[in-house]
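Open the structure in your viewer and keep the selection tool at hand. This tour goes stop by stop, from hairpins to a sheet, a helix and some salt bridges.

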Amino acid sequence: MIKISDLHLSIFHDWERVTELKEFCELTLDTIKPVAVLASGDLTDAKKKDGIGSTQYEGEWLAYHNVLTSGKVSEKTKWLDIRGNHDSFDVNNLDSPKNFYRKYSEQGQSHPRSYIYKVTNHAGMSLNMIAVDACLDPGPKRPFNFIGNLDENEIIQLESLANNSKDPIVWFGHYPTSCIFTSGSKTVKSVRSIIGENPMSIVYLCGHLHTLGGLVPQMYTMQSEGFAELELADWKDGRTFRLLAFDQGSFSFIDIRHGQWPIILVTNPKIPWLTIRDMETEEDQKANIKYIRILAFSIDPIKHVSVQIDKEYKWRNCSNVEGSPLFITEWDYNAYSSGLHTLHVIFVIPLNCMQVKVEDIQGRKHEINHPFSLDNSKPALKLFSQWPLNVYFPDVLLMMFVIASLANLLPLLVYRFVSKCTKYKSPWAIGELVTDLIGWVFPWGIYVKGKLIKDSFIYAYGFGQIITFQLPLNFILSHRLDKRMQSLPNTQYTFITSPFIYVDMIFFFLIIWQIVCCLWFFGAYGWIATIFGPLKTWSIFIALWLWNETRKITTNEIRYATGVMEKLNTN
């Protein structure tokens, strides 16, 4: 089975995403012959040429459709695709003419949102693939379309799909579980709970985070609910896909860059940290332990497959199981019955590791090191590789917004200027969030088409506004008032000798930055959102008015205001 994600096929940028996907569908699928390909969203880019605005382009969906058609994908495998947030940008509803997923994808006509599909491999093993569509409905334009959302009815539907399954379940979707907000009653379950509570759940496969710009190239974790969650690097920039195998009940995987041959996947011994629910029967375990089992693929016939354990002097040759890509060799597993065996890249060969070498008849070579343990010893996954999947981003973004808001109010709280809590009642922006639909953006959600959409990314938007504008503005105005108090009355300054020159320069740079942000907002949502944008556009005029007031205010007026505040403090 193969997993691919975040294709971002674009009519404006990097057409090689399309041409190399065509090569993948023709060459890679012909070579590996997977029973299924999971394409987990962001199939198209949906960004305008300037990279700011967003809408659906039929040309991008035609490119996607034509690649699958010309590659005869439906004749080779089962292509299971699902939407990502880019595939829902500016989509009014599921029946919208802009919802090209319904028209050009493999599964869109039969399954407009979440669905289940059963696949059976050549050995007769059956798996249920449950696709999780958490896209917003309606789908706003970017950036207010980053966190996924599942309402109570969709959660109940997913639970029903899982409960009706008697075979092992592989879950997949675009958003990591950390980026899916669940709305409804207080008793509604999270998607993690739904997956974890089902004893047949094995793994959840996702994309969306793009390895956080390369900071986390291997984003894997074991969720406390008892299942593995594996994010995949994108096709957009990394041209990465994942090969997964279920070999006699044993689950293994490897991430591969397109064009890398030969491909090696060790299925036994297993990856030590991947402690998924055991699917192996006692007979499987006894049979598996006797052999090292390796899947090897190349566009040319494999010349030989060899393995070396630890620092053994000799390489062991593996024999091919006729008619399959499986290579096996017997080994003395009792000699490695204790301890942790770690896998690293070929250039660093640690103790207690298995080294695998494959060569095809054209001389292409590939070598890997594979970790294993036979006594359940487990290496600790790096914390940085787990946290993007373990945290809950709606809460994190809300916390960031609250902390930034408190930091912004701190100077006022010091002087007891704020005496009671206030609530935001007016919208942050009003505009065409979806084409031909006017929406209102509040801190707690987006109101559009008579529906309140919970999008926690709004907190990130508010956090950015506070940190990059409101907070610096408070410090600038406070510093200017402080300098005004320290200056002598009736003192005249030139532009060069003014004590305000540096802070005024910072202020005007801040205004320019806010104007740039407004232009970006205009590119995303148009004139209406820019004009009726209290948080962005109006902040410029308010800041200029406040700055002008600090220029005109006298020391006597400042002292009077200070005296009023001191009286308030004594009351």
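How many residues does the hairpin that joins S23 to S24 run through? Two residues link these strands in the hairpin. Before you go on, note that this is a predicted model.

**Stop 1: the hairpins**

Select strand S24, residues 445–448, together with S23. The two strands run antiparallel, joined by four bridges. Pick Trp440 and look across to S24: Tyr447 stands opposite.

Gly431 has Gly439 of S23 as its bridge partner. The hairpin of S22 and S23 has two residues between the strands. Click on Asp436 in this hairpin: its phi is positive, near 70°.

**Stop 2**

Glu432 belongs to S22, residues 429–434, while Lys141 sits in the loop between S5 and S6, so the pair ties together parts that are 291 residues apart in sequence. Is each of these residues buried or partly exposed? Glu432 is partly exposed, at a relative accessible area of 25%. Lys141 has 7% relative accessibility and counts as buried, because the cut-off for buried is under 20%.

**Stop 3**

Select Arg83 and Asp133. Their side chains meet in a salt bridge, 3.0 Å from N to O. Why does this pair tie together parts that are apart in sequence? Arg83 is in the loop between S3 and H4, and Asp133 is in the loop between S5 (126–132) and S6 (148–150), so the parts they join are 50 residues apart in sequence. Both Arg83 and Asp133 are buried.

Next, select Arg113 and Glu154. Here the salt bridge spans 2.6 Å, N to O. Arg113 lies in the loop between H4 and S4, and Glu154 in helix H5, so this pair ties together parts 41 residues apart in sequence. Arg113 and Glu154 are both buried.

For a network, select Asp14, Arg17, Glu20 and Arg239: salt bridges link them. The count of salt bridges comes to 18.

**Stop 4: the open sheet**

Which strands form the open sheet, and in what order? Six strands do, in the order S4-S5-S7-S9-S11-S10, with mixed pairing. S4 and S10 stand at the edges with a single partner strand each, so one side of each has no neighbour in the sheet. On average, neighbouring strands are turned by 20° against each other, direction ignored.

Zoom in on S10 and S11, residues 228–231: three bridges pair them in the antiparallel sense. Thr221 has Glu229 in S11 as its bridge partner. Then show H5. This helix lies across S4, S5 and S7, and runs at about 175° to S5.

**Stop 5: helix H2**

Select residues 58–70. These 13 residues are helix H2, which reaches 18 Å from its first C-alpha to its last, close to the 18 Å expected. Colour its buried residues: Glu60, Trp61, Ala63, Tyr64, Val67 and Leu68. Look down the axis of H2: the buried residues fall within an arc of 155°, so they line one face of the helix. What covers them? The cover includes helices H1, H3 and H4, and strands S2 and S3.

Key:
Residues numbered from 1 in each chain as written. Predicted model: local features only at pLDDT ≥ 70, side-chain atom pairs only at ≥ 80, totals over all residues. Heavy atoms only, no water. Expected span 1.5 Å × (residues − 1). Buried < 20%, exposed > 50% of the residue type's maximum accessible area, 1.4 Å probe, protein only. Arc of directions from axis to C-beta. Contact = heavy atoms within 4.5 Å. Salt bridge = Lys/Arg side-chain N within 4 Å of Asp/Glu carboxyl O. Pairing = 2+ DSSP bridges. Axes fitted to C-alpha atoms, helices over the stretch in contact; angles between N-to-C directions.
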